[in-house]
Structure formats: C-alpha cells, structure tokens
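Trainee: I would like to go through the terms used for this model and see what stands behind each of them.

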Amino acid sequence: MTNDNAQVIVDTALRGAEPAELEPGKFYAFVTPAGLQKVDLTGDEYKDTPTRKTGTTTVRDAESFLAYWTKHHDDDSEVYADAERLTITAVLDAHTPDGARWSGHRLHLALRETDAWKQWMANDGKLLRQEEFAEFLEDHLPELLEPTSAEMLEIAQSFQAAVKVDFQSATRLSSGQRQFQYVETATTKAGQKGQLTVPETFVIGLIPFEGSDGYRLTARLRHRIGQNGLTLGYKLERPADIRKTAFDDVVQKIGEQIDTAVMNGSPA
C-alpha cells in the first residue's frame, strides 16, 4: 500500500468518526493529519458568568460615584483625584498588600462644566456692543444675584433703549456705581442729554459642574467709549479659584462617605 493510499484511509476514517462532546472551561489539543489543532474553551464566552469584573464605568456626579462604589468596592479598592483633569478614578480590584490583582475594574467620575459656567467664562474679559451685552444679561437673569435679576433686567433694557445716542463720558460715583453721560442723536430728540447709572460690580451665582454646588462670583463692569460707540463687558474675580474649590468640594464629599483615602494623582 502506498503512502497516498494510507492517507486516504486515514482521512476517510477521520471524516467518519463520531463527533466528540467537549466540556467548556477546558483546553484541548488534537493531532490531525494537518498538524496539532487546539481548541480553547476556557474563555468567558463559554461560561455562565465572567471570571472577574472588568471595564470602566463613567459617571458624572458624586452621588452616582458613591452608588457604584458602594456596590462594587472592597477593602483594597483605591481612589485617585486629578484636579487638572477634573476626574476621580477608583480602581475597584486594585493590588492587595500580599499580591497582584488585575486592576481592570474601574469607576471614573469625569466632571462636566455646566452650560451657564461655560457661557460666563466665554465672555469673561470681552467687550461687547451694548445691545449684545444687554441681551447676554437678559439670557442669564437666573444667575444674577446682586443687584437682583429684576434690577439687572431694567439696566439691560435701558441699554437696549439707548441705541441712538452718543455716549460721551463715564464717571465713577462715590456709591460705587458707574454713570454714563450721553447725548441723543435721534431726529426728534437730537441734542438732548441723558445719563445711565449702572453698578460697578455685580454678583452672580454659578454651578461649575453638573451635580455640584453653586458658588458666588463677583464681576467687575468694564467699558470703552470709542469711535464705534459704547462697548461693555465684565471681568470675573478669580474664577479659576472657584473652579478648583468646586472640584475640591466634590472630592471632599466623596472622601467623607468612603473608608478609603482619596489620593492625589491618577492610577497607572
């Protein structure tokens, strides 16, 4: 019998063999005419439940962080806070003092700035045309604390009404307010003089991050009288410090509710 005939007999026998039932969770190796064949049935897809918890869950506020932490942490879980990235990360299956673990199950709090915070920051230090400044105040009345939103609305409407005027000067009053002197340029009132008095500073209340507390910020009125008329704006006092305080307060809120130290940094 030639080698070719022998191979045909072997192949025919293999094809006619009864199928074998393999048990999930084990590794098999077979020698076939094509060489060594391997069958790996040890993966999680062959089991009723995964071998271990894996993956990163991202949440947006401290309450959600604490809820997930309470459900999944153990005595060796670790927590890291990164003020630059505005993140708090928990490694739920961190290494133990006696050995290594996978560190593959993580909880990630990624804070998001509120729309109101981003809008106030976007115009911080900018000078706007008086109509634009008035519209901005009207759109953000809920954040205006001192003077009240009603008073600031009246101021905004005054600037909107004083479009056809020529602003000539601005004087700081002893009361801490700013008084703008103008001359009417409209046909029916041309030459008539008038004035607008507005606060030198005003206080706003902002929530920096979704789900965080609110904070008070002082804004100082800025203006310029030039060839293009009156432009107005504001400069917030130390908003970066408020942002950092808001993040620190979130870290503190979490730290007070868990028995694990919150470390400064980020996990590997």
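**Terms and their cut-offs**

Mentor: Start with contacts, meaning heavy atoms within 4.5 Å. Of those between residues at least 6 apart in the sequence of the chain, 50% join residues at least 24 apart. This is a predicted model, in which local features need pLDDT of at least 70, side-chain atom pairs count only at pLDDT 80 or more, and totals for chains, interfaces and linings use all residues. Residues are numbered from 1 along each chain as its sequence is written, and side-chain values use heavy atoms, with hydrogens and water left out.

Trainee: Why are α2 and α6 called roughly parallel?

Mentor: Helix α2 (residues 62-72) and helix α6 (residues 239-255) pack at an angle of about 30 degrees. Angles under 35 degrees count as roughly parallel, over 145 as roughly antiparallel, 65 to 115 as roughly perpendicular and the rest as oblique, so α2 and α6 are roughly parallel to each other.

Trainee: What makes Leu 86 count as buried?

Mentor: Its relative accessibility is 8%. Buried means under 20% relative accessible area, exposed over 50%, and partly exposed in between, with a 1.4 Å probe and protein chains only. Leu 86 therefore counts as buried. Leu 86 is in the loop between β4 (78-82) and β5 (87-91), and its phi is positive, near 60 degrees.

Trainee: Why is Arg 238 called exposed?

Mentor: Arg 238 has 60% relative accessibility, so it counts as exposed. Arg 238 lies in the loop between β14 (229-236) and α6, with a positive phi of about 50 degrees although it is not a glycine.

Technical notes: Axes are lines fitted to C-alpha atoms, for helices over the stretch in contact, and angles run from 0 to 180 degrees between N-to-C directions. Helices (H or I, at least four residues) and strands (E, at least two) are DSSP runs, numbered from the N terminus.
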